[in-house]
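Welcome! Please take a look at the sequence and the 3D view before reading on.

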Amino acid sequence: MDIRFASQRPEDADVLGFVLTKSTFETFAFPLENPEAARETAKLARFEGAAGQSFLYIASEQGRMVRIVLLGVAEGDTADFSKAGGELLAKVQTCGAKKIILHAENLSGKAAAEVAFGAAQRNWRIDKYRTKLAETAKPSVTEFVVVCAPDDATAVWQGLEAVAAGTALTKELVSEPANVIYPESFVERCLHLKELGVEITVLDDKQMTELGMGALLGVAQGSVRPAKLLVMKWDGTAGAQEKPVVFVGKGVTFDTGGISIKPAAGMEDMKWDMGGAGAVAGTMKALAGRKAKAHVVGICGLVENMPDGNAQRPGDIVTSMSGQTIEVINTDAEGRLVLCDALHWAQETYKPDTIIDLATLTGAIIISLGKEHAGLFSNSDELSDQLLAAGKASGDKLWRMPVGPAYDKLIDSPIADIKNVGPRDAGSITAAQFLQRFIKDGVKWAHLDIAGTVWADKDGPTWAKGATGYGVKLLDRFVADNFEAK
């Protein structure tokens with residue numbers, strides 16, 4: 001779908017969209033042949049411009065029948081404008097309409113761009129494997145034109161367009177099946193970032209063996225797919241920001257649970273157990289695409305967790321790159337084994353002051369927070385506040401959870417330095433506590449458990465059923481607010 005900005009409405013519009021607050025709904029002079037009909041018809045349907053409301057009707061306009069869509073937003077709420085754009089696109093995406101016109105006379109430049117941003121995100125679908133999709137179910141919209149927006153809308157959109165592209169990459173990686181996306185092909189899907197100026201390095205299993213990454217490689221040893229460590233570097237500061245902020249993503253491209261095998265029902269969903277790595281890759285594309293003035297490194301630990309005759313067993317002891325030994329109690333608690341080596345390598349290599357990992361780490365976080373928030377665990381109040389603010393502003397919401405010494409004893413092993421699971425109690429917290437043992441003194445660290453937010457079983461405001469793209473907007477906003485703003 002082509003998104004562009006224009007000074008006046010094209011004559012071949014199929015859909016006319018209006019985004020309104022309660023106050024503007026009552027006063028807005030609709031640029032329609034019968035403006036009061038729009039207001040009165042909407043009132044009959046009890047539309048009043050409240051956040052989340054929408055109303056569609058069909059009317060004659062410039063000699064042709066068009067769909068007119070009204071959408072309500074809260075006063076000044078950025079996330080609501082994005083949601084409105086997604087709702088506008090979703091209402092007409094498969095109706096046969098080809099061109100959507102958003103009238104933005106009553107919107108700020110930022111708000112108009114945010115509406116387009118929401119439409120761009122909602123437009124992404126994965127239909128490539130559907131050979132018998134009915135015509136009435138196929139997307140028909142090819143153009144989204146914003147008209148009469150303030151002059152600054154285009155500049156704002158240029159940045160948001162890059163973030164939308166990053167979110168699309170994340171959705172693509174998360175949505176593809178595991179026979180298509182595995183460690184090697186995940187890397188291949190990210191190589192195009194070089195064209196944007198991202199430096200890419202890939203460590204293979206031999207190099208990781210030499211480095212002593214026994215925890216990460218232990219997860220991969222049951223698969224015919226060799227592990228990879230994907231490193232993406234973007235420096236938009238020309239060296240001015242000496243130490244990068246580092247993002248580390250869990251990239252288990254398929255998780256059977258290993259020898260501690262998962263139940264068959266629902267196992268197909270484990271293709272998205274690389275959602276953390278997908279979010280990191282998408283973020284790097286977003287930052288490079290909008291030429292962010294920040295120094296950022298994204299790292300993806302990529303493995304497949306399979307149960308063959310060479311797979312690690314419950315009770316095995318592995319040695320991590322940090323030298324700490326780990327008793328593997330449950331091979332289905334594999335993400336933390338991948339992350340601990342990736343986190344240690346990142347700190348050894350880049351000496352960051354700030355490091356953030358993202359992972360679909362525990363089902364327990366879904367029990368705790370549902371699918372509205374991801375869990376935030378951190379050793380830094382300052383970093384936590386920054387991430388919470390970025391989550392609120394971007395719509396990728398977070399909720400802070402505790403970590404602390406009291407939880408350490410739950411993962412002490414009688415025969416190794418640490419075990420990879422604790423008791424049933426505090427499952428998400430002990431997973432975070434495990435990771436914290438691999439964070440060096442003085443490093444501000446946050447762990448985001450995104451297991452409940454990377455995938456949705458129904459349509460959302462800016463995604464179709466399936467991959468949500470969670471994490472890209474969050475991390476992009478975090479970088480913009482705390483590194484580029486300096």
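Which strands does helix H9 lie across, and at about what angle does helix H9 run to S9? Helix H9, residues 275-289, lies across S8, strand S9 (245-255), S10 and strand S13 (354-359), and the helix runs at about 135° to S9. Please keep in mind that this is a predicted model.

**The eight-stranded sheet**

- Eight strands make up an open sheet with mixed pairing, and their order is S7-S8-S10-S9-S13-S17-S14-S15.
- At the edges you will find strand S7 (199-203) and strand S15 (398-400), each of which pairs on one side only.
- On average, neighbouring strands in this sheet are turned by 20° against each other, ignoring direction.

**A closer look at S8**

- Strand S8 covers residues 228-235 and pairs with strand S10, residues 295-305, in the antiparallel sense over eight bridges.
- Because six of its eight residues are buried, S8 is largely enclosed by the rest of the structure.
- A general point is handy when you follow any such element: in a regular strand, side chains alternate between the two faces of the sheet.

**The six-stranded sheet**

- Another open sheet has six strands in the order S1-S6-S5-S2-S4-S3, again with mixed pairing.
- Strand S1 (2-6) and S3 are at the edges with a single partner strand each, so one side of each has no neighbour in the sheet.
- From one strand to the next, the twist averages 25°.
- Inside this sheet, strand S5 (residues 99-103) and strand S6 (residues 143-147) run parallel and are joined by five bridges.
- To find this pairing in the view, look for Ile100, whose bridge partner in S6 is Phe144.

- Helix H3 (residues 78-92) lies across strand S2 (15-20), S3, S4, S5 and S6, and H3 runs at about 150° to S4.

- Apart from neighbours within four places in sequence, Ser82 is in contact with Glu114, Phe117, Gly118, Gln121 and Thr462.

**A nonpolar patch on the surface**

- Which residues form a nonpolar patch on the surface? They are Leu56, Ile58 and Met65, and together they have about 290 Å² of accessible area.
- Leu56 belongs to strand S3, residues 54-61.
- With a relative accessibility of 31%, Leu56 counts as partly exposed, because that class lies between the buried limit, under 20%, and the exposed limit, over 50%.

Conventions: Residues are numbered from 1 along each chain as its sequence is written. This is a predicted model: local features need pLDDT of at least 70, side-chain atom pairs count only at pLDDT 80 or more; totals for chains, interfaces and linings use all residues. Side-chain values use heavy atoms; hydrogens and water are left out. Two strands pair if DSSP finds at least two bridges between them. Helices (H or I, at least four residues) and strands (E, at least two) are DSSP runs, numbered from the N terminus. Axes are lines fitted to C-alpha atoms, for helices over the stretch in contact, and angles run from 0 to 180 degrees between N-to-C directions. Contact means heavy atoms within 4.5 Å. Patches are made of residues with over 30% relative accessible area and no salt bridge: like charges are joined within 9 Å, nonpolar side chains (Val, Leu, Ile, Met, Phe, Trp, Tyr) within 5 Å. Accessible areas come from the Shrake-Rupley method with a 1.4 Å probe; for residues, only the protein chains shown count as cover. A salt bridge is a side-chain nitrogen of Lys or Arg within 4 Å of a carboxyl oxygen of Asp or Glu. Buried means under 20% relative accessible area, exposed over 50%, partly exposed in between (1.4 Å probe, protein chains only).
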